[in-house]
Amino acid sequence: MPPRSSKRPSGPFPYLDTPEWRAKFVQAGVADARCHLDEAALKRLSTELINAKSLIKIQGKGTEAVVVGFKDNVVHPVVTEHGTLFQLEAKQAGLAGAINQFNIRFAHDVAASAEIPTPNVQSAAAPSGTVSAAVVARFDSENELQAHLTFIEGRLASAEQQRPYDLKADLEASGQSERVTYHLIRYVVGDQSWYSVAATAGSNRTRHRHDLFGLQPAVGILGLGQSTLGGSEGMRWRNPADWRDRYTSKLNTFHDVDPHDLDEAEDNSDAELWVERAEKALQVAITDAAFVIGYAPAENVHADFDAALASTNLRTHLRGPLEFSDTNQAMSHGRKLADQAYADDAISSLEHAVLTGTQPAAGLASDPREAVVALVRLADRLVFPCDDAGQKRIRKALVEPSKSLLRSRHAEAREKVRCALLTVAVGGVDLPAAAMDTPAQKEVRSGLQTSDRPAAELIIVATSEQSGHEREAARTELAHLAVPGLVNGKVLLGSYGSTGDRRAVSTKLAAAKITDDGVALFVEAIDALGEVMLRRAGLPAPVRPGAREGRLRPVADGAVIVGGDPDKPADSPWFTGHWPEKTDTPGDDSGTPSEPSANERWAGLLQATDLVMKRARSAVAKVEGHFANLAALVGPGREMTAEEREAWQDQLDDLAKVVGTAGQKLRSLRYRVPADSSTTTHGTVDNFEFGIDDGEAAE
């Protein structure tokens, strides 16, 4: 039995309505003239939606209350060339619903395949004078149904590869923004019969939602295998009322549980799995849905409920998603992010206008240096925020996973958005993301910290003669604020520069910031970008003697070279020559180091050898078993692409190289006496003994 409502854990994942309200829902469907479903279909539908109370129209009060149908504002007509469909709009649990196994996009593929059984699908019969709003699908056996379902899953997976964005990641990060429409299908399989709710439009959204919940598409049609919740193998719960609350209880139990809080001494693989499911499915815990409950054929047209459903599905798929280049996509994301931040009151109207290019960035402050600092910090605040609201906003805009799953590719994608925002705000600048100081993965999760100091104060601290943590932090922040000016001034070209200097941008900045010349260059870069901002705004800019617009003057002895040649500005080769790559790192000689002796290190490592080998053998065995399990399930729609296989093979080859290198090191664990030594040895290879000198023997 499902857990009692008083004992089950609460959380964001909704449970089924009570049996009493589900029964009233059935009464409403029977009483409503717009509903053309039988009681069995209505009972099944009552397990698909939540908060049925808000849908039911009741007349009278108390003991005289009578259910008379559905409220008018929740049932909407949809006119097609084959008649009018009546759709009931409601809220739905994200794990509910099913894919449309009989999607018209794949009907020809099924008919053309000699191996896939062609099902008998037709509109359901109804009492005289009405047309049932359901479809009947007949299979000779459940094996035939599963073969057909597996084929359709493969077709859906193949079609998904043509989508220019990751729908599953979108659902995980942003939830389901578009309503999915469902209709009732009565499956007749051998001597069994049951209803299921299939997606009229939205099979891919339903499939990916189920994937986030850890469910397979077959669950929505055949029911949940009891072994999923610790029950018997080879048995299913066909009725969602038998299993859905149990599954929901698990999700709510592990919602907001940190995997690191689980007891590492025990096998918590099952708990970790539920934690992952609850985290991934959070944004689709509750979704909007519409359920086709009625059908009125058009006049002088043959009643064809299935054709009416198909026409609505075709309308949905006539609109394809637009494709964007990387730059345009970053621009689009940046605009969406700025609009949402403004709607959330996270930025002012002026800041929003600057980021969307309708107001010049020079208007952020009266002083050009302060305007540059304000602009860079503004972009940082939106793209690499420190607050939870900002993190949620950027992850939704870029369709990112949860914070714990952010990787370097997400940092790179965000950097492109930041460059796009800065480019729009300034105008006419060249800020390739590859040349910028993209934050590390840890900083993407935590956000970029700032001191909020004015530019003038920050420069004073950075140029202070007294070294210390405060000056170091000021120089680090000043370097970051100067990067757009350094990049636009052609001084920083990233690791792709033409000088052969392949150091990362962060490494180059670190080399410069420890010197007074570096600090002077950072200030020059900020001034150069401020000059560009003023001129783009049509304002007079301060004259920088010996400099062209946007380009930087060389520095020496902690100051800018004022009387230099404007035709020979600072550039990437000059930077490399001024701060060349160093092969050695100066050590800290402030104390007396005391390291373990060779014997101590040897004893510690030798003692750990057995544990290291046990862990390695276990890990390798898991890898072998994992790929063996995958290989056993290869089939239509269940395969890796050539690129994926090649990528995993590269990683396996790397492991083989590591093992080979370890073997070479193992063979070298034998001490050989130098050839010119007078020391002799006795014994065998396995029982190595050092000899003694003649002088020692004489004693």
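Predicted model: local features only at pLDDT ≥ 70, side-chain atom pairs only at ≥ 80, totals over all residues.
Okay, Lys-168. Its relative accessible area is 24%, so this lysine counts as partly exposed, given that buried would mean under 20%. Its partner is Asp-211, and the closest N and O atoms of that salt bridge are 2.8 Å apart. Have a look at where the two sit: Lys-168 is in helix α5, residues 167–174, while Asp-211 is in helix α6, residues 203–212, so we're talking about distant parts of the chain, 43 residues apart. Asp-211 is partly exposed too, at 36%.

Next pair: Arg-393 and Asp-344, which meet in a salt bridge at 3.0 Å, N to O. The arginine belongs to helix α14 and the aspartate to the loop between α11 and α12, so this contact ties together parts that are 49 residues apart in sequence.

Lys-490 is in the loop between α18 and α19, Asp-430 in the loop between α15 and α16, and they're 60 residues apart. Both are partly exposed, Lys-490 at 31% and Asp-430 at 40%.

How many salt bridges are there overall? The count comes to 31. Some of them join up: there's a network linking Glu-524, Glu-531, Arg-535, Arg-536, Arg-544, Glu-549 and Arg-553.

Technical notes. Residues numbered from 1 in each chain as written. Heavy atoms only, no water. Salt bridge = Lys/Arg side-chain N within 4 Å of Asp/Glu carboxyl O. Helix = DSSP H or I, 4+ residues; strand = E, 2+ residues; numbered from the N terminus. Buried < 20%, exposed > 50% of the residue type's maximum accessible area, 1.4 Å probe, protein only.
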